[in-house]
Amino acid sequence: MTQAVGRLCFCNKTALAPMVRVGTLPMRLLALDYGADLVYCEELIDIKMAQCTRVLNDVLETVDFVAPDDRVMFRTCQREKDRVVFQMGTADPQRALTVAQLVENDVAAIDVNMGCPKEYSTKGGMGAALLSDPDKIEAILSTLVKGVSKPVTCKIRILPSMEQTVDLARRIERTGVAAIAVHGRTKEERPQHPVHCDAIQTVAQAVSVPVIANGGSLDLVKSHQDIQSFREATGASSVMLARAAMWNPSVFRSQGALSTEHVMEDYIRYAVRYENHPSNTKYCLCQMLRDKVESPLGKRLHAAQTSAEICEVFGLEEFCAETDDLTMEGDVATMPVRFDRREYPPQITPKMHLLEWSRREKLEQPAYETVQRALDRGFQSTVTVADKKYRSTLWEKSKKLAEQAAAVVCLRALGVPEGRTGEPDSGLVGKRKWEEKRSDESEEEKGAPARAPDASRSACRKRHLSKTPPQEEVKGQDFQQSFTLQRWAYRQSVSLKTPMPSEPTPGSPPTFSRRVCLPLSYGASHIHPFNSPHAFQ
Ligand SMILES: Cc1cc2nc3c(=O)[nH]c(=O)nc-3n(C[C@H](O)[C@H](O)[C@H](O)COP(=O)(O)O)c2cc1C
């Protein structure tokens with residue numbers, strides 16, 4: 001293959017190491033922001049990736065590799081295109097090539113994991129099992145080097161003797177790889193064992209391709225300055241950090257690390273922006289909390305189920321204000337939202353707003369259907385508006401609250417104001433309408449927090465009316481509304497755009513042949529055998 005212009009160079013670089021569950025898009029972008037030169041994705045298994053379809057997500061501005069069950073296995077974006085290294089788990093040269101060709105135009109390099117010592121990886125012949133099958137290593141790497149235009153690398157562990165390690169490294173070098181990452185432990189050694197800097201150094205001296213030193217997080221690399229010391233101690237070209245970066249990715253900052261609180265906030269911002277799956281977000285935040293994971297904050301984080309709830313734990317509700325997780329469950333649009341009476345002025349409810357909006361749009365009156373489950377006698381409502389159904393995934397204590405939650409989902413999905421305090425007044429529910437609505441809403445108000453006496457109620461109404469904006473202000477919301485609608489339309493039924501920036505390679509899986517409903521992004525970890533960091537400890 002001819003070498004592409006601007007190929008990634010592995011000399012004098014600091015990298016975020018591949019880490020299952022940790023190395024998803026928010027962490028990678030954060031590491032880049034803080035100063036990492038390269039970022040590896042979590043290891044993705046070739047069989048799963050080979051089934052994926054490449055989808056241009058023009059709402060999030062990402063490229064998504066979506067599995068047949070609609071899970072997003074790998075999400076990337078322009079910002080990291082020249083810095084992200086795609087790591088795969090493989091034991092098959094042809095399948096490795098298929099996957100490499102599927103992603104090559106969206107990543108900077110392709111890496112093969114040859115270091116995972118766990119049985120579920122090794123029994124499939126992947127990970128550290130490859131270390132004892134140099135013929136297979138050679139076949140995989142040579143096939144990749146010949147078949148893709150991007151640099152190919154691999155990540156190995158050291159072997160029982162230095163002679164064996166050097167022999168293997170030289171054989172790998174001959175395949176034409178652009179770099180070799182060396183984790184300075186044998187496959188039998190655990191992460192708490194000391195790293196063998198001398199072994200990495202011997203490999204670095206024996207080959208002429210760049211060697212990336214790895215394994216120093218626990219006792220050698222505590223700060224940014226230590227990165228250089230680790231590089232010098234190993235004689236390597238570059239350094240790759242896993243745990244030190246997982247605990248605090250600002251270790252890449254040359255100006256010094258930031259507080260965990262600061263880093264967590266930055267992380268959450270990216271997690272929300274890129275719709276990271278909440279369980280993955282939580283996992284990464286828990287790693288950053290480290291020994292504080294049992295603190296009151298850690299416990300609240302543990303209890304959070306949605307991105308909005310995670311934001312709430314950290315007092316960052318505003319991050320989630322317009323990005324609630326909208327998902328299709330069959331033909332029902334769902335979000336995990338609750339109706340919180342305190343967020344609305346007295347007498348104003350989402351149901352009122354939805355009713356008024358439906359009238360204005362000349363639609364039939366919203367129809368609510370409520371079910372109660374035996375488990376905890378919780379209620380869940382589905383509202384139908386214009387033949388479309390909306391429901392909150394959260395169960396409520398009363399029918400009234402469940403209906404309000406369903407109305408909130410519908411209004412948010414449609415980008416229609418819902419009447420919350422502080423929201424620009426839509427003018428949807430005015431004084432006259434309010435008087436009309438009282439009868440419509442009488443049932444829902446039953447059991448609601450004590451009503452204001454008449455005098456204060458009318459004062460509230462006046463306050464509400466006085467906030468009615470001039471027409472232009474209402475129009476000013478169009479941008480947000482259209483953004484929300486665009487999001488909505490995307491998720492409801494996405495027309496896959498073709499061609500993508502890169503044309504599908506002959507032989508790669510058929511793409512764009514169907515319409516998908518994208519759910520939340522599910523981290524690959526959901527189906528990955530490595531579901532715990534202990535896999536590597
Ligand atoms: C949570 C976690 C997940 C990991 N996942 C991967 C992986 O997907 N691929 C891989 O090659 N190594 C993986 N590793 C190993 C690291 O990349 C690295 O080799 C090891 O942690 C030693 O580096 P350190 O001392 O900087 O932590 C993982 C390690 C951790 C802690």
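How many aromatic pairs does the count come to by the ring rule? I started my notebook with that one, and the count comes to four. By that rule, rings of Phe, Tyr and Trp (its six-membered ring) pair if their centres lie within 6.5 Å; planes under 30 degrees apart count as stacked, over 60 as edge-to-face and the rest as tilted.

**Ground rules**

I am working with a predicted model, where local features need pLDDT of at least 70 and side-chain atom pairs count only at pLDDT 80 or more, while totals for chains, interfaces and linings use all residues. Residues are numbered from 1 along each chain as its sequence is written, and side-chain values use heavy atoms, with hydrogens and water left out.

**Entry 1: aromatic rings**

I noted that a pair of aromatic rings is described by the distance of the centres and the angle of the planes. I then looked up Phe74 and Phe86: their ring centres are 5.1 Å apart and their planes stand at 75°, so this pair is edge-to-face. Phe74 lies in strand β6 (residues 72–76) and Phe86 in strand β7, so the pair ties together parts that are twelve residues apart in sequence. Helices (H or I, at least four residues) and strands (E, at least two) are DSSP runs, numbered from the N terminus.

For my own reference, buried means under 20% relative accessible area, exposed over 50%, and partly exposed in between (1.4 Å probe, protein chains only).

My next pair was Phe339 and Tyr344, with centres 5.2 Å apart and planes at 40°, so I logged it as tilted. Both Phe339 and Tyr344 are buried. I also wrote down one aromatic cluster, formed by Phe65, Phe74 and Phe86.

**Entry 2: charges over rings**

A charge sits over a ring if NZ of Lys or CZ of Arg is within 6 Å of the ring centre and within 35 degrees of the ring normal. I found the charged end of Arg273 over the ring of Tyr274, 4.3 Å from its centre. Lys351 lies over the face of Tyr368, and here the distance to the ring centre is 4.7 Å.

**Entry 3: helix α3**

I checked how covered helix α3 (residues 93–103) is, and eight of its eleven residues are buried. Among them are Pro93, Ala96, Leu97 and Val99. The cover over the buried residues includes α2 (46–50), β4 (53–57), β5 (62–66), β7 (84–89), β8 (109–114) and α5 (134–147).

Which residue caps the N-terminal end of α3? I found Asp92 there, with a side-chain oxygen 3.1 Å from the backbone nitrogen of Gln94.

**Entry 4: the ligand**

A polar backbone atom of Val20 is 2.8 Å from a nitrogen atom of the ligand. A backbone N or O atom of Glu43 is 3.2 Å from a ligand oxygen. In the side chain of Arg243, an N or O atom is 2.6 Å from an oxygen atom of the ligand. Taken alone the ligand exposes 610 Å², and the protein buries 99% of that. Accessible areas come from the Shrake-Rupley method with a 1.4 Å probe; for residues, only the protein chains shown count as cover.

**Entry 5: a loop and a helix residue**

I looked at the loop between β16 (379–385) and β17 (388–392), which holds Ala386. Ala386 has phi near 50°, a positive value in a residue other than glycine, and is partly exposed at 45% relative accessible area. Asp387 is found in the loop between β16 and β17 too, with phi near 65°, again positive in a residue other than glycine. At 74% relative accessibility, Asp387 counts as exposed.

Last, I turned to Ala402 in helix α16 (residues 399–414). Ala402 is buried, with a relative accessible area of 3%. Leaving aside neighbours within four places in sequence, Ala402 is in contact (heavy atoms within 4.5 Å) with Phe379, Gln380, Ser381 and Glu396.

Key. A polar contact is a pair of N or O atoms within 3.5 Å; within protein, one must be able to donate a hydrogen and the other to accept it, and residues adjacent in sequence count only if both atoms are side-chain atoms.
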